[in-house]
Amino acid sequence: MASATLAAPREGATKSRKMSAGWVLALPPVAALAVVFLYPLFLVVQQSLTPDTGGTSLTPYADVFASSAFREALGTTVWLAVGSTAGCLVLGFALALIVAFVPFPGAKAVARFIDVFLSFPSFLITLALLFVYGQVGMANGLWTDATGATTGPFQFLATPWGVLLAEITYFTPFVMRPLLAAFSGVDTAQLEVAASLGARPARIVRQVILPEALPALAAGGSLVLVLCLNEFGIVLFTGAKGVTTLPTLVYSKAILESDYPGACVVAVVNVLVSVSLYGLYRVVSRRART
């Protein structure tokens with residue numbers, strides 16, 4: 001009994017020392033996070049509550065929320081992000097299936113190229129699309145040379161659909177990368193057994209491959225959703241007329257109008273929308289896995 005009584009305080013002291021050491025080790029990264037991220041975010045929130053007339057007020061929020069430009073930018077941002085995410089999930093899943101399970105020469109090279117593609121800046125892909133489908137791009141040039149028309153039929157890049165195409169083109173590899181990693185762990189013997197029992201390819205994909213791919217789809221889709229909500233370069237370089245998203249509205253208010261409180265309000269809303277949609281997507285994907 002005496003030894004057990006003495007051991008209890010010793011264990012408590014040991015746990016206390018471990019917790020103290022843990023706090024000491026955690027302080028540097030927490031401090032760095034506070035200085036690099038939390039403090040600038042605090043300044044943005046503070047500026048959003050500081051109108052040009054001085055003091056602290058919700059007037060900047062009221063002014064921004066009352067403007068039709070903000071409401072249109074919010075709706076455009078959400079539908080472009082959701083549409084791009086859906087397109088990336090469908091296209092990325094189909095392409096990953098082909099690369100992983102359809103034998104063809106150069107499959108490994110394609111998989112490596114996807115890793116390289118992830119390092120490309122978004123405006124580079126947009127410029128490539130402009131060279132092909134722009135107003136003076138290759139497709140319109142071939143059309144005018146063949147028909148003698150003054151303009152070509154491909155004018156969609158200057159519309160929301162052009163932004164949607166550019167975002168799907170750029171962000172699809174972000175879905176393919178985790179899918180290819182997940183498919184590498186699929187036991188091909190299961191696929192062979194299912195095929196020998198007469199299962200059609202669509203059924204094999206639905207019942208064998210898709211359950212293994214759901215976590216990777218959730219991870220890739222969540223990442224793409226957040227990136228699309230905050231994408232600026234693609235919208236800017238497409239030159240889409242009338243397409244204003246929350247990031248471009250922040251740029252417009254801060255740089256063109258010098259309305260810094262309004263720009264900070266839009267930035268705060270953009271952060272809240274990103275976090276909210278990301279949380280919703282995670283909940284839906286978690287339920288889909290269960």
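**Figure 1. Phe-171 and Phe-174 in helix 7.** Phe-171 and Phe-174 are separated by about one helical turn, because they stand three residues apart in helix 7. Helices are DSSP runs of H or I with at least four residues, and strands are runs of E with at least two, numbered from the N terminus. An α-helix has 3.6 residues a turn, so residues three or four places apart point the same way. The model shown is predicted: local features need pLDDT of at least 70, side-chain atom pairs count only at pLDDT 80 or more, and totals for chains, interfaces and linings use all residues. Residues are numbered from 1 along each chain as its sequence is written, and side-chain values use heavy atoms, with hydrogens and water left out. Phe-171 is buried, with a relative accessible area of 1%, and Phe-174 is buried as well, at 15%. Here buried means under 20% relative accessible area, exposed means over 50%, and partly exposed lies in between (1.4 Å probe, protein chains only).

**Figure 2. Aromatic pairs.** The whole structure contains nine aromatic pairs. Rings of Phe, Tyr and Trp (its six-membered ring) pair if their centres lie within 6.5 Å; planes under 30 degrees apart count as stacked, over 60 as edge-to-face and the rest as tilted. The pair of Phe-93 and Phe-183 is edge-to-face, because the ring centres are 6.2 Å apart and the planes meet at 65°. This pair links distant parts of the chain, 90 residues apart: Phe-93 belongs to helix 3 (residues 68-101) and Phe-183 to helix 7 (residues 160-183). Both Phe-93 and Phe-183 are buried. The pair of Phe-171 and Phe-174 is tilted, with 5.7 Å from centre to centre and 55° between the planes.

**Figure 3. A cluster of three rings.** Tyr-61, Phe-65 and Phe-70 are linked into a cluster by ring pairs.

Figure 4. In helix 6 (residues 138-147), the buried residues are Ala-139, Asn-140 and Thr-144. Seen down the axis of helix 6, these buried residues fall within an arc of 130°, so they line one face of the helix. The arc is that of the directions from the helix axis to the C-beta atoms. Met-138, Leu-142, Asp-145 and Ala-146 are exposed on the other side of helix 6. Helix 5 (122-133) is included in what covers the buried residues of helix 6.

Terms used: Contact means heavy atoms within 4.5 Å.
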